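Welcome, and please load the model in your viewer. Have your selection tool ready, and we will walk through it stop by stop.

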Amino acid sequence: MKTFGGPVLFLDRSDINTDEIIPAKYLTEITKQDLKPYILEDLKLPGFDPKGPKTRGARVIVSRANFGCGSSREHAPWVFEVNGITAVIAESFARIFRQNMFNCGMAAIELPKEQLDIIFASASEDATISIDIEAQKLALQQGGASREFNFDISPFDKALVMAGGWVDYADQKY
């Protein structure tokens, strides 16, 4: 079974769109793997380096509201998938982006703004998040301290994630 969680990349902004996640000029690439170097290339945030070790080592992204807005392309979740991102945690997601995450076997976890404020207030370089999809809990660990948060996920979306995505789910069920 796939492990969800790991080092965290904090992107403290709402409305991060699919063109910032993977610029449209790379949509002609032939394989998912070809997208890998271009993750978050056009995202502009103070101090953010899309080619830096924090970005390359991240397994979880924590952001704000309306994550994945913009074009309805699967390439945005794909670039996360090939870079080892297993989950994005945000206040809300664009509907199609959210479903594409589940379809690819990754978690799109929604938390209330108040809980995200707590997570961002305690953000640190050594932060990691472990996610238990089955129990619908996540734990933020940093500096020896840990804090747990509960989240909701529909039974069908949970089944997609637990199976490894839509194709694996269909193979198991049909």
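This is a predicted model: local features need pLDDT of at least 70, side-chain atom pairs count only at pLDDT 80 or more; totals for chains, interfaces and linings use all residues.

Residues are numbered from 1 along each chain as its sequence is written, and side-chain values use heavy atoms, with hydrogens and water left out.

**The sheet**

Start with the strands (DSSP runs of E, at least two residues; helices are runs of H or I, at least four residues; both are numbered from the N terminus). Seven of them make an open sheet with mixed pairing, ordered 4-3-2-1-5-6-7; pairing requires at least two DSSP bridges between two strands.

Now select strand 3 (residues 87–90) and strand 4 (residues 107–110), which run parallel and are joined by 4 bridges. To get from strand 3 to strand 4, the chain passes through helix 4 (residues 95–103) in a right-handed β-α-β crossover (with the strands pointing away from the viewer, the path from the first strand over the helix to the second runs clockwise). Display Ile89 and its bridge partner Ile109 in strand 4, then Ala90, which stands opposite Glu110.

**The salt bridges**

Stay on Glu110: its side chain meets that of Arg98 in a salt bridge (3.8 Å, N to O). The term means a side-chain nitrogen of Lys or Arg within 4 Å of a carboxyl oxygen of Asp or Glu. Arg98 lies in helix 4 and Glu110 in strand 4, so this pair ties together parts 12 residues apart in sequence.

Next, select Asp12 and Arg64, whose closest N and O atoms are 2.7 Å apart in another salt bridge. Is Arg64 buried or exposed? Arg64 counts as buried, at 13% relative accessibility, whereas Asp12 is partly exposed at 46% (buried is under 20% relative accessible area, exposed over 50%, partly exposed in between, with a 1.4 Å probe and protein chains only).

Move to helix 5 (residues 113–121), where Lys113 and Asp117 are 4 residues apart, about one helical turn. Their side chains form a salt bridge too (2.9 Å, N to O). Asp117 is partly exposed, with a relative accessible area of 29%. Select Asp12, Arg64, Lys113 and Asp117 together: salt bridges that share partners join them into one network.

**The last stop**

Finally, go to helix 7 (residues 166–173) and pick Trp166, which is partly exposed at 36% relative accessible area.
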